Amino acid sequence: MITLFKNIKELIQVRTEPIAFVSGKAMNELPTIKNAFLIVENGLISDFGSMENCPKINVSEVIDATGRMILPSWCDSHTHIVYAGNRENEFVDRINGWSYEAIANNGGGILNSAKKLQETSEETLYQESKVRLEEVIQLGTGAIEIKSGYGLTVDAELKMLRVIKRLKETYSIAIKATFLGAHAVPLEYKENKETYLKLLTEEALPKIAEEHLAEYIDIFCETGYFSVADTEFILEAGKKYGLIPKIHVNQFTAIGGVQAGVKCQALSVDHLEIMRDEDIEALKNTKTMPVALPSCSYFLSIPYTPARKMIEAGLPLALATDYNPGSTPSGNMNFVVSTACIKMKMTPEEAINAATLNGAYAMGVEEELGSITKGKQANLILTKQINSYGFMPYSFGTNQIEKVYLKGKEIGV
Ligand code: NIG
Ligand code: FE
């Protein structure tokens, strides 16, 4: 099967030489080819270039992209799309003046979602979650990381991870699974957090490894949740089972979790709404990708990750949705890219790099996805008729996507 996309107004995020991620000033460079062609062979990008060099070959399908642009699909490296029910009632509580923290301290928050999930069957959980996955695919996401963390018992965490595994086996989007058992301390372990951590490391981890249920291990390192010592303990335990660390860190307070992430060689440190100079310093010259989640800041009315300061310090930055029922009930990467431009003062070039190439790195798929590069998967966004790629973040809230492709195949509604 060979597909030729011809007359592409602009082919965006073209990386002839493979590159793992971009940082600092290079984030503002987004290589493109105007009036381009792209050839997809058996799901992979096999050739691209200027229309004048378009080879005359026999193809199975020709798609005329006149007036439209093509870019690699969004890589959403941080989501919690497997959950039960929703938290609409807490949304209204917050409108009425309750804080996210106060709601959590009153038995709401993550524990509320965990209770619902424990009472939900694996089948129902799968059915509810697949709706969200299909929704984000239509919104241009072509690679997604999904976390557990609303189970908070060994059985319920395994149930979540098995749902992720089933999604992986059913859909052609790239999916990575993360074990986030240490998302909150269950009420019954409130005075006995160590016992819960032991349960995660001694009971859950061996089962997860045996069934190959996760690639990554995560923890919510935050005042009132898990300490820096807990973080190092969990991440190191995960590593023994081959899981690569990622962390939720510096969302509300900066307590040294970024340094712990770097020390444990975390692939990414995510949230980073509160960043001290020493946290930025700690990330310099490391392989750990900082990940910002602007729609979480938007929804909770908390600070945005200081992108300008970080990029000017020479750091890379990735963007992800954090799609979850409590802090970000939205998986729209287009909104994330717009919000990064509008609220974090990232340029369209920086935001697109952060949502494609750097996002791919933050979920370990940078060799397969995240750029227009020969041999990479043809997970693509075909835009509507627009004059420049900057129009996508500019026209926030309007869907500028005409079609999406996974492994070269159009995914229709
Ligand atoms: O990434 N901060 C921790 N975890 C999730 C939200 C959890 C929830 O409220 O359900 C997040 O924002
Ligand atoms: Fe999260």
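Student: In which loop is the place of aspartate 322?

Tutor: This is a predicted model, in which local features need pLDDT of at least 70, side-chain atom pairs count only at pLDDT 80 or more, and totals for chains, interfaces and linings use all residues. Residues are numbered from 1 along each chain as its sequence is written, while chains are lettered from A and ligands numbered from 1 in the order in which they are written. Helices (H or I, at least four residues) and strands (E, at least two) are DSSP runs, numbered from the N terminus. Aspartate 322 lies in the loop between β13 (318–319) and α12 (333–344).

Student: Is aspartate 322 buried or exposed?

Tutor: A residue is buried if 20 or more other C-beta atoms, placed from the backbone, lie within 10 Å of its own, exposed if 12 or fewer, and partly exposed in between. Because aspartate 322 has 29 other C-beta atoms within 10 Å, the residue is buried.

Student: Why do the residues of the UniProt feature "binding site" gather at one spot?

Tutor: The unreviewed UniProt entry places this feature at His78, His80, His248 and Asp322; such annotations may be inferred rather than shown by experiment. These residues span 245 residues in sequence, yet they gather at one spot because no two of their C-alpha atoms are more than 12.1 Å apart.
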